[in-house]
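Q: I would like to go through this structure with you. Shall we begin with a single side chain?

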Amino acid sequence: VSVAAGAISIRLVNEAPVPHNVTIAEGNRTLASTRTVQATTTTARANLRPGRYAFFCSVAGHRQAGMEGVLTVR
Ligand SMILES: [Cu+2]
């Protein structure tokens, strides 16, 4: 996933009955996160400088199960 630097909007559509979120982090520092939701949609805002960040679901065990990726901010 890649986005332009500056203000961004994160939109999580979770149709499942299992709770999820989207968290963006730089190392151990959380830069932004949505609420943890199930069977609904939620949004969050962030302001990001250029770089490569991790994004993942922070619900216990979910990142380890593969819910992660790299966010490139141009
Ligand atoms: Cu999850």
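Q: With which side chain does the side chain of Thr23 make a polar contact?
A: In this predicted model, the side chain of Thr23 makes a polar contact with that of Asn21, at 3.0 Å. A polar contact is a pair of N or O atoms within 3.5 Å, one able to donate a hydrogen and the other to accept it; residues adjacent in sequence count only if both atoms are side-chain atoms.

Q: Is Thr23 buried or exposed?
A: Thr23 is buried, with a relative accessible area of 4%. Buried means under 20%, with a 1.4 Å probe and protein chains only.

Q: Which residues does Thr23 touch beyond four places in sequence?
A: Thr23 touches Thr30, Ala32, Ser33, Ala54, Phe55, Phe56 and Ser58, contact meaning heavy atoms within 4.5 Å.

Q: Which strand holds Thr23?
A: Thr23 belongs to strand β3, residues 23-26; strands are DSSP runs (E, at least two residues).

Q: And overall, how many helices and strands are there?
A: The protein has zero helices and seven strands.

Q: How much of the protein is buried?
A: Of its 74 residues, 32% count as buried.

Q: What about numbering and confidence limits?
A: Residues are numbered from 1 along each chain as its sequence is written. Local features need pLDDT of at least 70 and side-chain atom pairs pLDDT 80 or more, while totals for chains, interfaces and linings use all residues, and side-chain values use heavy atoms, leaving out hydrogens and water.

How values were computed. Helices (H or I, at least four residues) and strands (E, at least two) are DSSP runs, numbered from the N terminus. Buried means under 20% relative accessible area, exposed over 50%, partly exposed in between (1.4 Å probe, protein chains only).
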